[in-house]
Amino acid sequence: MFRGKKYRESEKLVDKTKLYDPQEAFETVIKASPAKFDETVELHVRLGVDSRHADQQVRGAVVLPNGTGKTARVLVICKDERQQEATDAGADFVGGDDMIERIQKENFFDYDAIVTTPDMMGKVGRLGKLLGPKGLMPTPKAGTVNADIAKAVSELKAGKIEYRLDKTNIIHCPIGKVSFGPEKLVENYTTLIDAIIKAKPAAAKGQYIKSCVTASTMGPGVKVNAQK
């Protein structure tokens, strides 16, 4: 893969053979961030599980103490009598059957998360083929199928993120911005890693966290020592 001059210069700041402690890892990511814009810092965690098996799925949600640096746009799908409550809670888009129809007919995906109430999940569930591939399907485990609309919306606005395995058994999550500095990034990282460790399936055998790499949007990867 071709890499630009800035990336190649940034790569020289990273020791590819080294397993960095979290503080040093994020200091290095910040130093090696080549872009002029405020890059997102991501975490990529490879787990020793097999996502093909239902009893080895790892999925959940966690509120990062310092947020992600981005305010989530939230769509709430609920019945008419609760729509004002959703608006008051700070939802960016609110609707019921009309919103479901808009997603189906207009491919409306101009939001980062969907919250729905349990009594609407039967209808929202039919959107699985549209929402699932985009990671937008509400789930009780992530707190996005919730009777408490205000709580669900406020947590998402405060920096709640969902984590889940992809097909290659890796979790990919944003944990902040380069401008946060290493201390805030370490706090967010620790919160996410602790949640992933607590979510370890009983069926998982051997080493659970196989590798952990952090990187900014345009920068090189830095290996993190994630063993507790």
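The model is predicted: local features need pLDDT of at least 70, side-chain atom pairs count only at pLDDT 80 or more, and totals for chains, interfaces and linings use all residues. Residues are numbered from 1 along each chain as its sequence is written, and side-chain values use heavy atoms, without hydrogens and water.

**Helix pair.** The axes (lines fitted to C-alpha atoms, for helices over the stretch in contact; angles run from 0 to 180 degrees between N-to-C directions) of helix 2 (residues 22–31) and helix 8 (residues 182–198) come within 9 Å and cross at roughly 125 degrees. Helices are DSSP runs (H or I) of at least four residues, strands (E) of at least two, numbered from the N terminus.

**Strands.** Two strands pair if DSSP finds at least two bridges between them.

| Strands | Sense | Bridges |
|---|---|---|
| Strand 1 (residues 40–47) and strand 7 | antiparallel | seven bridges |
| Strand 3 (residues 74–77) and strand 4 | parallel | three bridges |

Leu 43 stands opposite Cys 173 in strand 7. Strand 7 (residues 170–177) has six of its eight residues buried (under 20% relative accessible area, 1.4 Å probe, protein chains only). Leu 75 stands opposite Phe 93 in strand 4.

Three strands form an open, parallel sheet in the order 4-3-5. Strand 4 (93–95) and strand 5 (113–116) are at the edges with a single partner strand each, so one side of each lacks a neighbour in the sheet. Helix 4 (residues 97–106) lies across strand 3 and strand 4, at about 125 degrees to strand 3.

How values were computed. Buried < 20%, exposed > 50% of the residue type's maximum accessible area, 1.4 Å probe, protein only. Contact = heavy atoms within 4.5 Å.
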